[in-house]
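Dear colleague,

I am passing on the structure we spoke about, and below it you will find what came out of going through it. Please read the notes with the coordinates open beside you.

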Amino acid sequence: TAIPTTVTITGAGGQIGYAAMFRIASGAMLGADRPVRLRLLEIPQGMRGAEGAALELADCAFPLLAGVELSDDPAVAFDGANVALLVGSRPRTAGMERGELLAANGAIFGPQGRAIGEHAAADVRVAVVGNPANTNALIAQQHAPDVPAERFTALTRLDHNRAVGLLAAEAGARVEEIAGVAIWGNHSATQYPDVSHATIAGRAALEVVDPAWARGAFVERVAQRGAEIIEVRGGSSVASAANAAIEHVRDWVRGDGAVTSAALVSRGEYGVPEGLVSSFPVRSVNGAWEVVEGLGIDTFSRGRIDASVAELAAEREAVRELGLL
Ligand code: NAX
């Protein structure tokens, strides 16, 4: 039998962790041929929730699930991790200053990054879900200097999937007919969902839908979709976020070369300053994300990309000033 893949989930006692772990244990992330060992990291207040989820995992008797371990110590939870989903964070709450938000997350993602650098497997792949996801990924990456920078990513797959779903609905097309959608920049309201290079059943998307919609209401709807879900559902996105995290890792590990979106450490592609964790159009080739290069960027797109990247640069500057990098 195959050696189990160790998957560490932080914030495992919370909602997204709960929605993700059963699907991961059933093989939806790594495939039906890959046994999984789950390591659940929580803070003491979240431990009962994680323990309860672990009991339910046992009750599923998943054939692929080789074990479940709980810890509140990052050194233990990341030991031998091949995949790390960093879900637990301190998201912004009403009235919170940016400095407070970044400081609270620096205290989480600095030590977790260091523990990943010291204890994870040599092939570790990290996906940050907890907000502010891009900058949390940057902080973690900077604390793991011996891990190749390209192994630290932040999730923009939920934004990507939202964009694909809304574009398909507008065009009256099937989701599988949509290709080439891209999310640029920060996983925040400044993000730029870009359909300039997208196709719908092989036709240019901008010939199928109204370009004014694609560059107006569509961009705003995708960027505000999280708020829309909160408004309608009375709570933040959970199952769709877990699904996006699973698809991000699935495509990264088993990638088929299809274009999707992920936030990666910039190497200066498309003028994004080096080192920022920015979303790009990407494809996974041989288990590594590659930025899709050579796309034409028109004036509208340039302005939107630059605005979101400027926000990332400002977050990095703030984190530097707080001594968190
Ligand atoms: P919950 O509050 O349900 O769960 C978070 C869990 O993390 C809690 O159980 C908490 O005890 C734990 N936690 C906090 N600090 C920790 C630490 N240092 N180590 C380990 N665990 C820790 O939130 P949930 O709905 O699961 O959302 C989790 C995060 O995902 C939030 O930051 C949220 O903003 C973010 N999201 C990110 C999305 C994305 O696309 N990137 C979309 C959905 C979601 O908003």
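The centres of domain 1 and domain 2, taken over C-alpha atoms, are separated by 23 Å in this model, which is a predicted one. The domain assignment of the protein chain places domain 1 at 5-154 and domain 2 at 157-314. Between them, 26 residues of domain 1 are in contact with 24 residues of domain 2. On the side of domain 1 that touches domain 2, at least two residues come from each of helix 1, strand 4, strand 5, helix 5 and strand 6, and helix 1 gives the most, with six residues. By residue class, this side of domain 1 divides into 18 nonpolar, five polar and three charged residues.

A UniProt record, in an unreviewed entry, places the feature "domain: Lactate/malate dehydrogenase C-terminal" at residues 156-319.

An open sheet of nine strands has the order 3-2-1-4-5-6-12-13-14, and its pairing is mixed. Strand 3 (65-71) and strand 14 (288-291) stand at the edges with a single partner strand each, so one side of each is left without a neighbour in the sheet. On average, and with direction ignored, neighbouring strands of this sheet are turned by 30 degrees against each other. Within the sheet, strand 4 (residues 83-86) and strand 5 (residues 125-128) pair in the parallel sense over four bridges, and L85 has A127 in strand 5 as its bridge partner. Helix 5 (residues 133-142) lies across strand 4, strand 5, strand 6 (152-154), strand 12 (260-265) and strand 13 (277-285), and runs at about 170 degrees to strand 6.

A further open sheet has three strands in the order 7-10-11, with antiparallel pairing. Its edge strands are strand 7 (178-179) and strand 11 (203-204), each of which pairs on one side only. Strand 10 (residues 199-200) is joined to strand 11 by two bridges, and these strands run antiparallel; I200 has R203 in strand 11 as its bridge partner.

Finally, two details of the backbone deserve a look. Most residues other than glycine have a negative phi, and most peptide bonds are trans. Against that background, the peptide bond from N131 to P132 is cis, with omega near -5 degrees, and P132 is found in the loop between strand 5 and helix 5. A61, a residue other than glycine, has a positive phi, near 45 degrees, and lies in the loop between helix 2 (47-60) and strand 3.

With best wishes

Conventions:
Residues numbered from 1 in each chain as written. Predicted model: local features only at pLDDT ≥ 70, side-chain atom pairs only at ≥ 80, totals over all residues. Pairing = 2+ DSSP bridges. UniProt positions renumbered as here; feature names shortened; annotations may be inferred. Axes fitted to C-alpha atoms, helices over the stretch in contact; angles between N-to-C directions. Contact = placed C-beta atoms within 7 Å. Domains from an automatic or database assignment. Nonpolar A, V, L, I, M, F, W, Y, C, P; charged D, E, K, R; others polar.
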